[in-house]
Amino acid sequence: MIKVPKNKEENNFMVLVSAKEMIEKAHEGHYAIPAFNTNNLEWTKCILTACEQAKSPVIIQASEGAAKYMGGYKMVVDMVADLHDSMQITVPVALHLDHGTYEGAKACIEAGFTSVMFDGSHYDIDENIAKSKDIIALAHSKGVSVECEVGGIGGVEDGVASNGELADPAECKAVADLGVDFLACGIGNIHGKYPENWAGLSFDRLNEINEAVDGKPLVLHGGSGIPFDQTSKAITMGVSKINVNTELQLVFADATRKYVEAGKDLEGKGYDPRKLLKPGCDAIIAKAIELCEAFGSAGKA
Ligand code: 13P
């Protein structure tokens with residue numbers, strides 16, 4: 001059912017928020033906000049459905065590549081804002097650019113994203129600092145929250161590879177001191193599937209970084225498939241945002257494959273996208289709720 005608001009007061013469910021406040025609350029309360037990457041309309045609906053059901057604040061994020069796939073930054077802003085409105089979402093929702101370039105972050109601030117990441121980790125630290133500073137000033141002048149990155153995150157995302165795995169605490173401090181709202185740093189985490197022989201998160205390095213940045217909320221990228229005892233420990237050491245992309249893609253693909261392999265698309269109108277995509281969507285919702293519970297954000301909205 002779509003509710004048509006009668007006046008401005010009734011309309012207050014229509015607003016996307018910056019991620020600053022929800023992350024600061026999570027940092028104080030020792031839980032983490034899930035930051036789920038979206039890929040399309042279905043993904044966005046599933047993420048919103050799951051977080052409304054779990055009563056969890058949420059960050060919906062899009063990489064530049066995913067935004068291009070969906071039709072551009074404005075399209076993403078309109079889609080998320082309109083779904084938020086027509087689904088009458090009551091939990092806080094931020095729309096965030098994931099791994100933004102300098103130009104991409106500026107374009108998203110302009111287009112109406114409420115949060116952006118500027119990933120300058122592939123520049124030398126001086127250039128990363130100079131560019132991060134520009135984006136922080138621009139974003140804050142419009143009430144938009146900012147994430148920056150130090151040290152690179154292993155794995156490949158959107159064709160951008162990074163070999164850096166453990167961020168330098170002194171560099172983290174230098175970027176934290178610029179007034180960034182939350183900081184991504186490599187602590188042995190990687191994007192995509194974790195290899196069998198993955199060594200796990202480096203809690204020694206996380207501890208050093210957490211002490212160096214003096215209470216700045218930290219972001220854990222590559223949140224898919226990290227054992228929950230490790231994510232929980234990371235949360236006690238300053239991690240307040242956990243990014244998840246691959247895991248939702250895997251459960252969607254798995255459920256869709258099973259539907260097709262069972263020949264269900266050939267039964268009746270099983271080929272209708274509303275039927276064909278339903279098992280995958282249900283799987284995304286179930287996994288997202290499980291992650292809200294594991295990260296401690298369920299019930300916090
Ligand atoms: P995964 O795809 O490994 O979950 O990583 C997501 C991420 O960190 C987005 O920035």
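Two residues are in contact if their C-beta atoms, placed from the backbone, lie within 7 Å. The views show a predicted model, in which local features need pLDDT of at least 70 and side-chain atom pairs count only at pLDDT 80 or more, while totals for chains, interfaces and linings use all residues. Residue numbers start from 1 along each chain as its sequence is written. Helices (H or I, at least four residues) and strands (E, at least two) are DSSP runs, numbered from the N terminus.

**View A. The buried side of helix α8 and its packing partners.** In α8, which spans residues 203-212, the buried residues are R205, L206, I209 and N210. A residue is termed buried if 20 or more other C-beta atoms lie within 10 Å of its own, exposed if 12 or fewer, and partly exposed in between. The four residues lie on the same side of α8 because they cover an arc of only 135 degrees around the axis; the arc is that of the directions from the helix axis to the C-beta atoms. An α-helix has 3.6 residues a turn, so residues three or four places apart point the same way. The packing partners of the buried α8 residues are the helices α7 (169-176) and α9 (228-236) and the strands β8 (182-185) and β9 (218-220).

View B. D214 follows α8 and lies in the loop between α8 and β9. K55 counts as partly exposed because it has 14 C-beta neighbours inside 10 Å. Most residues other than glycine have a negative phi.

**View C. The packing of helix α5 with helix α6.** Helices α5 (residues 102-111) and α6 (residues 125-141) pack at an angle of about 0 degrees, and their axes are 10 Å apart. This angle makes α5 roughly parallel to α6. Axes are lines fitted to C-alpha atoms, for helices over the stretch in contact, and angles run from 0 to 180 degrees between N-to-C directions. Angles under 35 degrees count as roughly parallel, over 145 as roughly antiparallel, 65 to 115 as roughly perpendicular and the rest as oblique. From α5, the contact involves Y102, A105, K106 and I109; from α6, K131, I135, L138 and A139. This contact has six nonpolar, no polar and two charged residues. Ala, Val, Leu, Ile, Met, Phe, Trp, Tyr, Cys and Pro count as nonpolar, Asp, Glu, Lys and Arg as charged, and the others, Gly among them, as polar.

View D. N245 is placed in the loop between β10 and α10 and counts as buried, with 24 C-beta neighbours inside 10 Å. Leaving aside residues up to four places away in sequence, N245 touches N37 and S224. The C-alpha atoms of N245 and H191 are 8.6 Å apart, although 54 residues separate the two along the chain.
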